[in-house]
Amino acid sequence: MATAILSSNAMILKYKTGTNDKGDDIFGSQRFSNLRLDLTDDDLYEVGKALEGLISSDLVYIRKQQDYLVEDI
């Protein structure tokens, strides 16, 4: 039987940086890797919202990305 083991956590912030000449939104993103494996969703959200104040842009979303290793036990 195979089992999945959490191997890494990352947080990706997407934010609006402005608009182009046509009025379309321009977006940027920042990835934070190697987050603790026991980080809760609430913790991740709080950190993302705190970082929003440092980037001086409108936060579009906070994405949690997890990678798993699948092994036979």
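Me: By about how much of the helix are Lys 49 and Glu 52 in H1 separated?
Reply: This is a predicted model, and in it Lys 49 forms a salt bridge with Glu 52, the closest N and O atoms being 2.9 Å apart. Lys 49 counts as partly exposed because its relative accessibility is 37%. Because the two residues are 3 residues apart in helix H1, the separation of Lys 49 and Glu 52 is about one helical turn.

Me: What order do the strands of the open sheet have?
Reply: S1 and S2 pair in the antiparallel sense over 9 bridges, while S1 and S3 pair in the antiparallel sense over 14 bridges. S2 and S3 are the edge strands, each pairing on one side only. The open sheet of 3 strands, with antiparallel pairing, therefore has the order S2-S1-S3.

Me: Which residue in the turn between S1 and S2 has a positive phi?
Reply: S1 and S2 form a hairpin in which 5 residues lie between the two strands. Further along this pairing, Lys 14 stands opposite Ser 29 in S2. The turn residue with a positive phi, about 90°, is Gly 23.

Me: Which residues make up the largest nonpolar core?
Reply: In soluble globular proteins, nonpolar side chains tend to be buried together. The largest nonpolar core here has 6 residues, and strand S1 (2–19) and H1 each supply at least two residues of this core. One of its members, Leu 13, has contacts that include Leu 51 and Leu 59, as well as Phe 32, Tyr 61 and Ile 62. The core consists of Met 11, Leu 13, Leu 39, Leu 44, Leu 51 and Leu 59.

Me: Is Ser 57 buried or exposed?
Reply: Ser 57 has its place in the loop between H1 and S3, where it touches Tyr 15, Lys 16, Thr 17 and Glu 52, not counting residues up to four places away in sequence. Its relative accessible area is 16%, and because the cut-off for this class is under 20%, Ser 57 is buried.

Me: Is Ser 56 buried or exposed?
Reply: Ser 56 lies in the loop between helix H1 (41–55) and strand S3 (58–72), and it has a positive phi of about 55° although it is not a glycine. Most residues other than glycine have a negative phi. With a relative accessibility of 67%, where the cut-off is over 50%, Ser 56 counts as exposed.

Me: What is the relative accessibility of Asn 34?
Reply: Asn 34 has its place in strand S2 (residues 25–35), and its phi is near 60°, a positive value in a residue other than glycine. Asn 34 counts as exposed because its relative accessibility is 72%.

Me: How far apart are the closest N and O atoms of Lys 16 and Asp 25?
Reply: The structure holds 4 salt bridges, and one of them joins Lys 16 to Asp 25. Lys 16 counts as partly exposed at 29% relative accessibility, and Asp 25 likewise counts as partly exposed, at 40%. The closest N and O atoms of this pair are apart by 3.2 Å.

Key
Residues numbered from 1 in each chain as written. Predicted model: local features only at pLDDT ≥ 70, side-chain atom pairs only at ≥ 80, totals over all residues. Heavy atoms only, no water. Helix = DSSP H or I, 4+ residues; strand = E, 2+ residues; numbered from the N terminus. Buried < 20%, exposed > 50% of the residue type's maximum accessible area, 1.4 Å probe, protein only. Core = buried A, V, L, I, M, F, W, Y, C linked by side-chain atoms within 4.5 Å. Contact = heavy atoms within 4.5 Å. Salt bridge = Lys/Arg side-chain N within 4 Å of Asp/Glu carboxyl O.
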